[in-house]
Amino acid sequence: MSYDYLFKYIIIGDTGVGKSCLLLQFTDKRFQPVHDLTIGVEFGARMVTIDTRPIKLQIWDTAGQESFRSITRSYYRGAAGALLVYDITRRETFNHLASWLEDARQHANPNMSIMLIGNKCDLAHRRAVTKEEGEQFARENGLLFLEASARTAQNVEEAFIGTAGKILQNIQDGVFDVSNESSGIKVGYGRPQGASGARDGTVAQRGGCCG
Amino acid sequence: MDLVSGYKGMVGLVFGNDNSGSNEDSYVERLLDRISNGVLPDDRRNAMAELQSVVAESRGAQLAFGAMGFPVLMGVLKEERDDVEMIRGALETLVSALTPIDHAKGPQNEVQPALMNTDLLSREAENISLLLSLLSEEDFYVRYYTLQILTALLTNSQNRLQEAILTIPRGITRLMDMLMDREVIRNEALLLLTHLTREAEEIQKILVFEGAFEKIFSIIKEEGGSEGGVVVQDCLELLNNLLRKNASNQVLLRETLGFDAIISILKLRGSSYSFTQQKTINLLSALETINLLLMGGSESDPGKDTNKLTNRTVLVQNKVFDYLLLLGVESQWAPIPVRCAALRCIADLIVGHPKNLDTLSSKVLGEEPQVEPALNSILRIILRTSSAQEFIEADHVFKSFCERNSDGQTMLASTLIPQPYSMTNAPIEEDVRMSFGSMLLHGLTLGESDGDLETCCRAASVLSHVLRDNIQCKERVLRIELESPTPSLGASEPLMHRMVKYLALASNMKNKDGKTSTKENSYVQPIILKLLVTWLADCPNAAQCFLASRPHLTYLLELVSNPSATTCTRGLAAVLLGECVIYNKSGESGKDAFTVVDAISQKIGLTSYFLKFDEMMKSFLFSPVKTTKLHKPLTRSAAASMEEIEDVDEQDSSDHKNEDHPILSSIFDSHFVNFVKSLEGNVRETIVDVYSRPKSEVAVVPAELELKRGESDKDYIERLKSFVQKQCSEIQNLLGRNATLAENLAKTGGSVSSQPEQRTSGGFDRVQAETLRRDLQEASQRIEMLKAEKAKIESEASMYQNLAGKMESDLKSLSDAYNSLEQANFHLEKEVKALKSGGASTPPDVEAIKAEAREEAQKESEAELNDLLVCLGQEQSRVEKLSARLLELGEDVDKLLEGVGDDMGLPEDSEKEED
């Protein structure tokens, strides 16, 4: 149970892009081809280790439907990281990214780390958005980027861990005030904060993160 | 003042208030006017203060304020943030407008101004948003009053407020921040959040996202845990709201903070023998939290079961058993409601959870060398407690322990070893070193020495859990032989026979009392019957053992048709008889299924036999509407009176016309009820089966009918003759039986058809007819009663009428007498006057005429005066309004009025003159 840090994440994006499946793959390591529509918000948690530091991830998976927006917005401010998900086989989910991002910028902590995820990359034959387009959008908006598949688990770990790595980096760079709980970060009881700062310079950034 | 009230307020018109209402209307209106239009800050503040005090005191003012005041005060709150005093005043006024004024004398159905005002205020989402923004103000009172207003709004318009707050960005965050504020604000915020989270899943989740769990637990710790005051209770109520049927939040608590924090509240520290009312409520609330975790998420949640199981596992890993056993079993000072709640949690922790079952069965309590298994201690509670509720909860632990746990049952049954009589008869206090089985057997047979069957039936209930669905245990317990109480008088007897004996004893005791069903006894027989019914199920050896003693069958037949037994007892006896048929594999003549069916048919009649089933199924205990009693969540109001958490004995059982003891509805769980229901069909089938294949007394072997080799014709004929005779007597037998059946059939209602479905429906009709007849009887009785009452009242009425008539005539004659007396008097007076004046002509009475004229004049002038007064009033109100306006415009009113005052004086003067 003891951890160095606790990070709060949210997963956002259009309905049906696979947000709940990404979470399920990450927390339970399984894939559920048919998933009920998420109502409101669902919670998941997992412990990860980044560069030998135990980190607890609390993840809130939000409903993508417009009608839940007012509820899901309540979660933006207190989150340290966000996974912004689109479906590479459905162009419109990519086109909506800008509005999602605007929403996040408006309601979230400005230092929130955002990871853009092109989900369903196992369905290459139905691809409607190229990887380059995703990369470009991420670069232009200062996001991390990965293409992933909740079905094959490809890059799922990397997506969550990569975001955590970015947050950790930000902490070490002094971007966050970790004592302020609204940052979405909590310091664990286990270790004193910042004492091992020198060693933390190398944070594992596995996977094909860019941006 | 009354004269000025020409103005009638809209509220006054709508609700038709008396004068004082419209008075308050105009007063409130003027104050509001001063607030919104005044220029002098002090005057406005004074007006606000006045408004607050009048709204706090009078319902009329509350109504008037509701009709006009909100826009004005909202304007103040919006525009004048810098004027702290004004804001405070406005908020305090709002608090007063929303607080019901206790008006004991007011009629019940009167409009509640405070309620109406909350409705008006909450209607605009904008208002809520404005109020939330005030929570960020520096001033303590501003935040304090704002929280009070929001709580008042939530109490009366919960859903509307919940929806509004969800749509306000960061609304919930603001409220959460109040938990970190200073104590008074924090406590107020706790109450507010408790209301806010009631049945609002999304709000519950957002609160948890904002770190509500951490905050709640830190407040509880700060306030001293279970020893703390009402704030701890409020914290726990909020915590329970967050966890109730909310799997997501349960997972979060489990995965993030863990269950340690909640379990440690159950830890008794300090004075473990003192349980104040507050501490009891705190503990009950914490036990409720455990219970909510055990219940898991909402019914519709697909992952409910996994979540529930994980919660159970983690709770036990966190040593919750230790604390629960301490509260529920070991502590001698814990109040009964706490003990019961703890036992209930223990039961729910183990049911269907093999690992937790093992953990519980390996728990030992007490200190060396006086340790004993926890299960033994719980059994002792069952046998000895004086609280029915505690017995039910402890019994429930064993039920849960034995459910789908054949190893556990075997473990318990293996200790059932009869002790020598001397030991069995030992006083119950010496049972600390007894095994589970010895204690149970001791309890079962305790009635022997002092005739107390209460303990026996409680033990029987435990034994039925141990035997349920477990054939090995049933067989094992069948072999238990008990020494006869007076060894000289006979050999030992099987435990089962002893139980039947107690069953019979229970009904005898009833008869001795002369009362048909004292509550005390009305559950002893059903519980023993439940044990036997459970025992015989699927166990031919048990059926055989039961029938081994001939009187058993006779007794059972009697019990089924015993009118003084309860419906439930008769029905269960019928079920037991049915089991003697279904599970009877005996071929022994006189004890086989056929004999039993025959006995039923002859002694009771099949129709009335099945009627007993039907009657029982219709009784409350077996009705599908019987829902497990939901204990309502402990809210502040519910907890306020500890009487709420009362014993089952005190429960009002009269609301569902129920002759059965309330204990039975807990003991007859759904599993048993369903089992009994399924048995009925089975019994019908088996009886038909038994009848359709009567066991022939004469074996017919075709070869034997042939002439045997070497047999003489005479012998052959003799042999055939005896064969025919045997057959003949059997045919006679069958004919007799057939006649009985036909008679039965005829009794069912004369229907010629022998379709079994119709037979059952005949029975059903009969039951219905019987209930209808009973209802009819009751109704006609009631009509008779009402008729008699009516007649009585009528006669009374006529009596009074006569009396009144008499009185009237008396009065009339009296008044006549009086009149004549007066007349006589008048005459006499006249005579006297005539005599006095000595016959001279009397001048007209000038004085009288004068007086009359004066009176008339006075009347006229009075009417005129009134008109003038009204005019004056109107004038005066006009002047007042104008002068107020002038005042605002900066005119010196007094100066202006200097000249006017003289004119105003004139009518007054003329009035005087007229006088």
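Trainee: Which residue of chain B does the side chain of Arg77(A) meet in a salt bridge?

Mentor: Glu210(B), at 3.7 Å, N to O. A salt bridge is a side-chain nitrogen of Lys or Arg within 4 Å of a carboxyl oxygen of Asp or Glu. This is a predicted model, where local features need pLDDT of at least 70 and side-chain atom pairs count only at pLDDT 80 or more, while totals for chains, interfaces and linings use all residues. Residues are numbered from 1 along each chain as its sequence is written, chains are lettered from A and ligands numbered from 1 in the order in which they are written, and side-chain values use heavy atoms, with hydrogens and water left out.

Trainee: How many salt bridges between chain B and chain A?

Mentor: Three. There are also seven residue pairs in polar contact across that interface, both residues at pLDDT 80 or more. A polar contact is a pair of N or O atoms within 3.5 Å; within protein, one must be able to donate a hydrogen and the other to accept it, and residues adjacent in sequence count only if both atoms are side-chain atoms.

Trainee: Which helix gives the most to chain B's side?

Mentor: α15(B), with seven residues. Helices are DSSP runs of H or I, at least four residues, and strands are runs of E, at least two, numbered from the N terminus.

Trainee: And how much area is buried there?

Mentor: About 1900 Å², with carbon and sulfur atoms giving 55%. Of what chain B buries against chain A, 34% comes from Glu202(B), Phe209(B) and Thr256(B), more than from any other three residues. Buried area is the accessible area (1.4 Å probe) that two parts lose on being put together, summed over both.

Trainee: Switching to inside chain B: what area is buried between domain 1 and domain 2?

Mentor: About 1000 Å², 69% of it from carbon and sulfur atoms. Arg186(B), Leu190(B) and Thr194(B) supply 47% of domain 1's share, more than any other three residues. The domain bounds come from an automatic or database assignment.

Trainee: What does Arg186(B) pair with in a salt bridge?

Mentor: The side chain of Glu223(B), at 2.7 Å, N to O. Helix α11 of chain B, residues 183–196, gives the most to domain 1's side, with six residues.

Trainee: Last one: how many residues of helix α1 of chain A are buried?

Mentor: Eight of its 10, among them Cys21(A), Leu24(A) and Phe26(A). Buried means under 20% relative accessible area, exposed over 50%, partly exposed in between (1.4 Å probe, protein chains only). After α1(A) comes Lys29(A), with a positive phi near 55 degrees.
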